[in-house]
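Here is a short briefing on one protein chain. Look over the sequence and the model before reading on.

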Amino acid sequence: MTETVSPETVAARQKELFERLEELGIATETQTHAPVFTVEESRKVRGRLPGAHCKSLFLKDKKGALWLVVALEDRRLDLKALAPLIGSARLSFGSPERLADHLGVVPGAVTPFALINDRQREVRPVIDSGVAEAERAHFHPLSNDATTAIAPADLLRFIRTLGHDPMVVDLGAATRE
């Protein structure tokens with residue numbers, strides 16, 4: 001059964017997210033903006049925020065495993081090259097219904113913060129080493145009308161507190177020209 005991701009549900013989950021980050025002593029900074037759906041739209045609204053700007057892909061492999069791949073926004077990932085790099089079967093994009101069911105977000109709002117909604121820990125997080133090495137990284141806080149900055153080490157700590165073991169990989173080998 002597909003879960004509905006209403007604005008009220010998103011607001012409640014955002015509250016839970018920020019409370020959890022605060023409990024962990026993780027500093028974040030959030031800016032609201034018009035909703036964005038692409039990297040290009042994001043570039044236009046964010047201005048010159050310092051740090052790594054990222055994109056997140058919700059993927060499913062042919063064996064049914066679910067993946068959340070977090071990459072630098074400029075990486076043009078080749079899913080065929082990505083699969084062996086992360087140890088998965090052939091990859092494709094997960095459906096909006098599966099995204100809502102597992103991560104509680106809609107297309108355009110995919111983010112590593114959504115792992116807070118993966119209570120069954122069925123989604124495998126993969127973080128680009130370029131993101132992990134940045135001083136700050138930017139992600140949507142469960143909706144695409146805001147951007148939250150966080151230290152990548154804190155993001156990884158947050159993900160681990162959720163019971164996930166994030167894989168940090170240099171995704172450069174899966175980038176197409």
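Predicted model: local features only at pLDDT ≥ 70, side-chain atom pairs only at ≥ 80, totals over all residues.

Residues are numbered from 1 along each chain as its sequence is written, and side-chain values use heavy atoms, with hydrogens and water left out.

**Helix α6**
- Helix α6 spans residues 152-161 (helices are DSSP runs of H or I, at least four residues; strands are runs of E, at least two; both are numbered from the N terminus).
- Its buried residues are Pro 152, Leu 155, Leu 156, Phe 158 and Ile 159 (buried: under 20% relative accessible area, 1.4 Å probe, protein chains only).
- These residues fall within an arc of 160° seen down the axis, so they line one face of α6 (the arc is that of the directions from the helix axis to the C-beta atoms).
- Gly 163 follows α6 and has a positive phi, near 90°.

**Aromatic rings**
- The structure holds two aromatic pairs (ring centres within 6.5 Å; planes under 30 degrees apart are stacked, over 60 edge-to-face, the rest tilted; rings of Phe, Tyr and Trp, its six-membered ring).
- Phe 113 and Phe 139 are edge-to-face, because their centres lie 5.9 Å apart and their planes stand at 85°.
- Phe 113 and Phe 158 are also edge-to-face, with 6.1 Å between centres and 65° between planes.
- Phe 113 sits in the loop between α4 and β5 and Phe 158 in α6, so this pair ties together parts 45 residues apart in sequence.
- Ring pairs link Phe 113, Phe 139 and Phe 158 into a cluster.

**Ser 6**
- Ser 6 is in the segment before α1.
- Ser 6 counts as buried, at 17% relative accessibility.

Key:
Buried < 20%, exposed > 50% of the residue type's maximum accessible area, 1.4 Å probe, protein only.
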